[in-house]
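I opened a notebook page for this structure. My entries follow in the order in which I looked things up.

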Amino acid sequence: MNKKNQAPLFYVSKRGSIGWVRAWAVRGGAVLLALLVNGVITSLVTGENPLQVYAAIFDGSFGSSRKVWVLLQNLSMLLCVSLAVTPAFKMRCWNLGGEGQALIGCLAAAACMICLRDAFPNWAIILCMIVSSILAGAVWAGIPAFFKARFNTNETLFTLMMNYVATQLVSYYCVVWESPKGSGQIGIINPNTHLGWFPQIGPYKYLLNILVVAVVCVFMYVYLNYSKHGYEISVVGESERTARYVGIKVDRVIIRTMLLSGALCGLAGLLLVGSTNHTLTPTLVEGRGFTAVMVSWLAKFNPVWMILTSFLLVFLGRGAGEIATNFGLNSSFGDILTGIILFFIIGSEFFINYQIHFRRSGDKEDNAHV
Amino acid sequence: MFDFLTFLPRAVVQGIPLLLGSTGETLTEKSGNLNLGIPGIMYVGAISGVIGSFFYERANPDGLAALPAVLIPIGCCLLGSLLMGLLYCFLTVSLRANQNVTGLAITTFGVGFGNFFGGSLMKLSGSELPSIILTATSNCFRRSLPFADKLGAVGKLFLSYGFLAYIAVVIALVCAYVLKRTRTGLQLRAVGESPNTADAAGINVGRYKYVATCAGSMIAGLGGLYYVMDYASGMWSNNAFGDRGWLAIALVIFTVWRPNIGVLASFLFGGLYILHMYIPSGMNLAVKELYKMAPYVITIVVLVLTSIRNKRENQPPASLGLPYFREER
């Protein structure tokens with residue numbers, strides 16, 4: 001058995017920091033490679049020239065001013081949920097419940113619009129909506145956080161289950177408040193009175209959302225990088241034991257951070273109901289709670305880079321939708337393209353964090369000692 | 001008033017996809033991999049089987065031989081879900097990527113894959129309905145013992161299912177035995193609990209993770225196939241599979257990582273899933289939506305209770321969700 005004396009073909013070691021320029025060059029390369037693969041796949045499926053496919057993707061996002069606004073609106077909503085889940089992730093607390101927390105925020109906002117419409121003036125309804133959605137989101141995240149802090153209950157699985165409880169709760173209220181009767185849907189709430197609809201800024205329907213999310217983004221950047229809370233979050237995330245040793249109350253940090261996370265998800269739900277859709281359906285959040293996990297992780301939990309990663313995903317989603325309609329494909333094609341891009345980016349992280357050393361033929365003397 | 005004789009077999013049929021999904025996921029999680037891609041993998045398994053049998057039915061329009069009609073979809077399904085499992089392993093074990101993110105990406109991809117190819121096949125078949133119907137193949141899958149109807153209640157409760165249902169139960173029991181009673185199972189659990197220790201003891205951590213995750217994916221993929229071929233009578237329509245994949249993950253927690261408990265628990269979940277159709281609620285349709293919440297709420301309760309009681313054998317594998325790198329301390 002002289003096989004044992006042989007060095008392996010390659011071995012892997014952890015890299016030191018490689019600097020953000022090279023790191024982002026690797027990620028950019030992965031995206032380009034993925035786009036190339038996607039182009040090839042799309043032209044195989046549709047039989048179109050790949051350049052036309054890329055043109056269609058671009059057209060889907062920037063084809064008209066309306067499309068640009070829709071892109072920005074989707075971008076801001078995805079960014080809002082991503083920003084919300086980020087502090088929890090930074091603490092290594094996997095909040096996969098962004099979907100449910102945002103949805104419960106939607107539910108709270110819609111409840112205020114429906115139940116208070118005959119009792120309160122418009123400004124009071126909007127105030128109630130803001131308070132109740134943010135509170136609802138916070139409670140929805142606070143329940144798993146409490147059990148995580150107190151009994152170390154697995155938060156990944158707990159928050160995941162809370163999503164579906166929220167979905168069913170919304171389905172329940174969709175039937176309770178259905179209009180017209182028997183349709184099982186709520187439809188547009190207060191279509192004539194516009195009670196509880198957020199004011200529009202000028203002629204731009206989506207501008208309010210975009211501004212709110214921009215403020216949240218700046219807040220989150222400052223909160224994570226320049227505040228005492230942010231510092232505590234990173235210490236807990238790096239090593240819980242160290243955090244305990246230096247006197248950080250880990251339980252409190254976990255609950256506080258999850259409450260913040262849920263509150264911001266609730267805010268996303270509030271914007272979806274109050275400002276964009278004015279309705280309530282069980283699928284209103286459109287899986288953003290799950291996409292947000294990927295957005296946040298791809299940006300390494302940095303709120304500024306998150307603008308870029310959420311743009312990438314929204315851009316692709318819109319582009320794939322355009323391809324689907326142009327070439328008569330089914331709209332799920334977009335999910336396949338997004339999946340492929342994600343696989344490439346996820347894989348590329350390896351080359352940022354690790355280094356591969358190949359066996360060289362001149363190393364024979366070394367191997368004898370190993 | 002409550003018709004158990006029709007309710008129970010329906011609950012079992014509902015439960016089998018969950019059983020297969022959760023058995024696969026338990027095997028995967030025991031190796032320390034939290035595969036959140038299971039919902040996507042079940043979609044891929046289902047659509048791969050549908051693609052296989054679709055073309056087989058087309059090639060033989062005047063009647064199918066039973067054996068290939070069953071083996072072709074199963075083979076395609078296993079192959080499709082194996083590939084997804086390999087992809088997951090390559091990213092998380094070899095490239096040490098984050099498991100949650102990889103899993104969610106696989107789910108996005110898998111659901112898209114299923115719906116896209118489902119849509120394409122519908123176009124190919126040129127039918128007006130938004131579904132693919134594979135009755136001939138489904139009949140082969142659903143064939144039960146010829147004397148099952150003659151045995152009355154016993155026959156209906158125990159013998160009225162297609163063969164995949166029995167295979168699912170056998171797989172779950174075998175998995176439970178392997179995990180609990182064999183050396184391989186012991187080593188697999190060691191990998192999931194503490195890969196460092198396992199590695200020091202000379203266990204090939206990477207290989208165990210690969211094999212367990214790929215086998216788990218294939219089992220879960222069969223769950224998707226069972227849903228289409230048996231439960232849905234060979235009818236594929238997009239998104240019909242719904243959130244059953246997540247329910248399978250819930251079931252893993254509910255059974256505290258034991259596939260043998262999963263056999264009965266999956267029937268319970270199946271029953272809870274369809275309970276709303278059997279509850280006499282009169283005109284109040286809204287309450288039905290609340291009944292659908294039951295499996296998730298019960299899972300949360302179990303999750304909380306096991307963590308409060310903190311019994312060591314009921315905990316999730318200790319290194320669940322963490323990538324393993326030998327040089328890291």
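**Chain A.** I began with burial: 46% of the 370 residues in chain A are buried. I took a residue as buried if 20 or more other C-beta atoms lie within 10 Å of its own, exposed if 12 or fewer, and partly exposed in between, with C-beta atoms placed from the backbone.

**Ground rules.** I noted that this is a predicted model, where local features need pLDDT of at least 70, side-chain atom pairs count only at pLDDT 80 or more, and totals for chains, interfaces and linings use all residues. Residues are numbered from 1 along each chain as its sequence is written, while chains are lettered from A and ligands numbered from 1 in the order in which they are written.

**Chain A, continued.** I found 14 helices and two strands in chain A. Helices (H or I, at least four residues) and strands (E, at least two) are DSSP runs, numbered from the N terminus. The C-alpha trace of chain A spans about 85 × 60 × 35 Å along its principal axes. I then looked at contacts, meaning residue pairs whose C-beta atoms, placed from the backbone, lie within 7 Å. Of the contacts in chain A between residues at least 6 apart in sequence, 78% join residues at least 24 apart.

**A helix pair in chain A.** I looked up H1(A) (residues 20-46) and H2(A) (residues 50-62): their axes come within 9 Å and cross at roughly 110°. Axes are lines fitted to C-alpha atoms, for helices over the stretch in contact, and angles run from 0 to 180 degrees between N-to-C directions. H1(A) is therefore roughly perpendicular to H2(A). Angles of 65 to 115 degrees count as roughly perpendicular, under 35 as roughly parallel, over 145 as roughly antiparallel and the rest as oblique. H1(A) brings Gly39(A), Val40(A), Thr42(A) and Ser43(A) to the contact, and H2(A) brings Pro50(A), Val53(A) and Tyr54(A).

**A helix pair in chain B.** Next came H2(B) (residues 38-59) and H4(B), which pack at about 25° with axes 7 Å apart. They are therefore roughly parallel. Among the residues in the contact are Pro39(B) and Phe54(B) of H2(B), and Ile106(B) and Leu121(B) of H4(B). By class I have 15 nonpolar, six polar and no charged residues there. Ala, Val, Leu, Ile, Met, Phe, Trp, Tyr, Cys and Pro count as nonpolar, Asp, Glu, Lys and Arg as charged, and the others, Gly among them, as polar.

**Where the chains meet.** How many residues does each chain give to the contact? Chain B gives 42 and chain A gives 38. On the side of chain B that touches chain A, H4(B) gives the most, with 14 residues. That side divides into 26 nonpolar, eleven polar and five charged residues.

**The core.** The largest nonpolar core has 206 residues. Such a core is a set of buried Ala, Val, Leu, Ile, Met, Phe, Trp, Tyr and Cys residues joined through C-beta atoms within 7 Å. Helix H10 (residues 205-231) of chain B supplies the largest share, 15 residues. Ala168(B) is one of the residues with the most contacts inside the core. Leaving out residues up to four places away in sequence, Ala168(B) touches Ile16(B), Leu19(B), Leu20(B) and Tyr226(B).

**Two single residues.** I found Pro61(B) in the loop between H2 and H3 of chain B. Pro61(B) is exposed, with 8 other C-beta atoms within 10 Å. Tyr278(B) lies in helix H12 (residues 259-278) of chain B. Tyr278(B) is partly exposed, with 16 such atoms within 10 Å.

Notes
Contact = placed C-beta atoms within 7 Å.
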